[in-house]
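Me: I would like a close look at one part of the model below, with the cut-offs stated as you go. Please keep the answer connected and careful.

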Amino acid sequence: MATLRLGDDAPDFTAETTEGTVNFHEWKGDSWAVLFSHPKDFTPVCTTELGRVAALKDEWDKRNVKVIGISVDTSESHEGWAQDIKDVTGATLNFPLISDSEKKVADLYDMIQPNASDTTTVRSVFVIGPDNKLKLSLTYPASTGRNFDEILRVIDSLQLTANYKVATPVDWKDGEDVIIVPAVSDEEAKEKFPKGWDAKKPYLRVTPQPNK
Ligand code: BEZ
């Protein structure tokens with residue numbers, strides 16, 4: 001599989017998970033999805049990450065996002081590890097974990113990067129839109145746990161910019177001012193952004209978040 005790029009179709013697959021057999025596109029439906037890999041069960045950083053993703057359930061639900069994890073471990077291993085995740089983080093696994101011991105999904109999504117490790121997946125994150133297109137990809141090494149607040153923040157930006165002709169500035173958080181995209185003329189902006197804008201430069205027009 002060639003490297004997946006933004007805007008590409010997210011490949012479909014059928015896989016065994018802790019919640020039974022999942023056909024990815026069918027399971028996802030027209031929701032948003034986060035598909036994320038971890039290197040190995042029963043490892044310290046992964047234990048903290050999976051607990052955090054489970055604890056964020058209300059945040060995923062609020063945004064209509066389904067989450068699904070993956071590693072090359074077996075379902076039995078995932079199920080055994082779930083108790084450790086609960087012991088350490090207090091969170092019960094509440095999303096499917098794919099067991100990809102044949103590395104089919106890992107290969108499809110280029111999650112095994114041999115110069116990092118021949119045998120385990122890196123920490124990939126794919127955010128996939130309701131149209132099944134890839135909206136964001138991130139790749140972290142095994143040694144660095146991810147920041148899932150940042151992933152939620154990006155999803156807020158992706159969902160906003162899918163519906164309004166705006167972009168979000170550096171370090172933006174939901175509720176803060178946004179930028180009117182340069183392709184929108186001032187004339188069109190008057191109609192689309194009735195709250196007005198502050199033109200810091202002719203190409204940098206800042207307006208209140210339109211859906212707040
Ligand atoms: C971890 O999750 O702690 C981990 C996994 C693989 C390599 C290094 C750390």
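In which helix is Leu152 found, why does Leu152 count as buried or exposed, and which residues surround the ligand?

Reply: This is a predicted model, in which local features need pLDDT of at least 70 and side-chain atom pairs count only at pLDDT 80 or more, while totals for chains, interfaces and linings use all residues. Residues are numbered from 1 along each chain as its sequence is written, and side-chain values use heavy atoms, with hydrogens and water left out.

Leu152 is found in helix H6, residues 148-163 (helices are DSSP runs of H or I with at least four residues, strands are runs of E with at least two, and both are numbered from the N terminus). Leu152 counts as buried because its relative accessibility is 5%, where buried means under 20% relative accessible area, exposed over 50% and partly exposed in between, with a 1.4 Å probe and protein chains only. Although Leu152 and Trp60 are 92 residues apart in sequence, their C-alpha atoms are 7.8 Å apart in space.

As for the ligand, its surroundings consist of Pro39, Thr43, Pro44, Val45, Cys46, Arg123 and Ala142, each with a heavy atom within 4 Å of it. By class, this shell holds five nonpolar, one polar and one charged residues (Ala, Val, Leu, Ile, Met, Phe, Trp, Tyr, Cys and Pro count as nonpolar, Asp, Glu, Lys and Arg as charged, and the others, Gly among them, as polar). Helix H2, residues 44-55, supplies the largest share of the shell, three residues.

H2 itself has 12 residues and reaches 17 Å from its first C-alpha to its last, close to the 16 Å expected at 1.5 Å times one less than its number of residues. Within H2, the buried residues include Cys46, Thr47, Glu49 and Leu50. To set this in context, the chain has seven helices and 11 strands, and of its 212 residues 44% count as buried.
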